[in-house]
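Good morning, colleagues. Please look at the sequence and the structure before I comment on them.

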Amino acid sequence: MILLDGKKTSADIKEEIALEVAELKRNEQKVPHLAAIIVGNNGASVTYVNAKVKACERVGFESTLIRLPENISEEDLLNEIEVLNVDNDIDGFIVQLPLPDHIDEQKVLMAVDPDKDVDGFHPTNVGKMALNLPTFISATPFGILELLERYNIETSGKNVVVIGRSHIVGSPMSILLSQKRKVGNATVTLTHSRTKNLSQITREADIIIAALGIPEFLKADMVKQDAVIIDVGITRLADASKKSGYRLVGDVAFNEVAEKASHITPVPGGVGPMTIAMLLKNTLLANKRRA
Ligand code: NAD
């Protein structure tokens with residue numbers, strides 16, 4: 001079994017990005033600048049957004065974190081977005097999800113200038129992605145493509161089963177892997193909560209991408225021998241033995257599935273770190289495009 005080490009791979013990618021940033025600096029060109037908006041104090045969201053800002057600093061990007069109160073009105077949030085849209089120094093920005101219930105998430109994502117939408121959530125960018133046109137591919141699916149590529153995992157002609165159809169992971173993943181592209185050309189089955197006989201379907205898969213958010217959902221008896229397993233799930237489970245008071249658990253029953261898998265991502269240290277690295281990659285791309 002080969003562990004798909006997202007921590008190491010993302011460190012390699014960040015190193016490559018840092019070299020490019022150093023080159024920009026040497027040439028006295030503008031370095032990439034990522035801004036992040038976070039609304040409220042959701043623990044996981046604050047952790048994620050802080051990790052993104054820290055990653056920017058490590059590769060030499062400029063970063064701006066905009067913290068807004070939980071009770072901010074939708075109109076005020078849209079105004080903040082407009083400020084970033086027209087700020088020439090900002091190459092790209094993200095609005096950390098989820099947003100409070102009184103704010104229409106779709107409306108907010110639509111307000112982001114597609115050229116600065118480094119999360120790739122704007123319908124214009126989702127449409128381009130679906131048409132296999134150059135765009136910002138959202139960071140989690142982009143990270144999975146990159147991980148598969150860097151570990152030389154063949155996808156062409158393979159049976160891929162994606163579990164979960166969210167707009168940010170499952171759905172784009174299924175589109176990308178079915179496309180005619182370097183990491184693609186797969187026969188993809190997109191499954192979800194209404195799928196019947198899921199185990200029967202997953203047992204046919206050469207590659208399984210689990211993105212449903214149910215801890216240890218995918219068991220060994222749902223997986224064929226030598227399958228490639230990508231675990232996107234991240235659930236915080238209370239754990240008094242940890243300093244933080246919780247541990248992170250994926251959607252795959254790691255120990256039993258690892259015994260059958262040819263390749264598998266751990267949680268943590270698999271897809272999670274790749275997501276941050278690809279956000280940086282998108283920001284660098286935004287910077288290049290604007291230059
Ligand atoms: P979501 O929570 O929006 O949707 C879950 C999906 O799973 C739905 O499409 C649903 O139909 C499907 N589903 C639910 N129960 C199912 C079942 N029994 N069988 C088959 N399908 C079922 O999904 P999301 O936002 O993509 O998040 C999924 C998981 O991935 C979460 O744990 C989340 O924290 C994690 N995540 C991780 C990263 C990362 O960077 N690693 C990024 C995004 C999401």
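I shall begin with the ligand site and then turn to the backbone and the aromatic rings.

This is a predicted model, in which local features need pLDDT of at least 70, side-chain atom pairs count only at pLDDT 80 or more, and totals for chains, interfaces and linings use all residues. Residues are numbered from 1 along each chain as its sequence is written, and side-chain values use heavy atoms, with hydrogens and water left out.

Which residues come nearest to the ligand? Of the 21 residues around the ligand, they are Arg165, Ser166, Ser193, Ile234 and Thr275; a residue is near a molecule if one of its heavy atoms lies within 4 Å of it. By class, this shell has 11 nonpolar, 9 polar and 1 charged residues. Here Ala, Val, Leu, Ile, Met, Phe, Trp, Tyr, Cys and Pro count as nonpolar, Asp, Glu, Lys and Arg as charged, and the others, Gly among them, as polar. Helix α10, residues 271–290, gives the most to the shell, with 3 residues. Helices (H or I, at least four residues) and strands (E, at least two) are DSSP runs, numbered from the N terminus.

A polar backbone atom of Arg165 is 2.8 Å from a ligand oxygen. For Ser193, a backbone N or O atom lies 3.1 Å from an oxygen of the ligand, and for Ile234 the corresponding distance is 3.0 Å. The protein buries 72% of the 860 Å² that the ligand exposes when taken alone, with areas from the Shrake-Rupley method and a 1.4 Å probe.

Next, the peptide bonds. Leu97 and Pro98 are joined by a cis bond with omega of about 0°, and Pro98 sits in the loop between β4 (92–95) and α4 (105–111). The bond from Val267 to Pro268 is also cis, with omega near -5°; Pro268 belongs to the loop between β11 (263–264) and α10.

Positive phi values occur in Asn132, near 60°, and in Asp226, near 70°. Asn132 lies between α5 (123–130) and α6 (139–150), and Asp226 between β7 (207–210) and β8 (228–231).

What of the aromatic rings? The search of the whole structure finds 0 aromatic pairs, a pair being rings of Phe, Tyr and Trp (its six-membered ring) with centres within 6.5 Å. Arg289, however, lies over the face of Phe136, at 4.6 Å from the ring centre; the criterion is CZ of Arg, or NZ of Lys, within 6 Å of the ring centre and within 35 degrees of the ring normal.

Terms used. Phe/Tyr/Trp six-rings, centres within 6.5 Å; stacked < 30°, edge-to-face > 60°. Polar contact = N/O pair within 3.5 Å; in protein donor to acceptor, adjacent residues only side chain to side chain.
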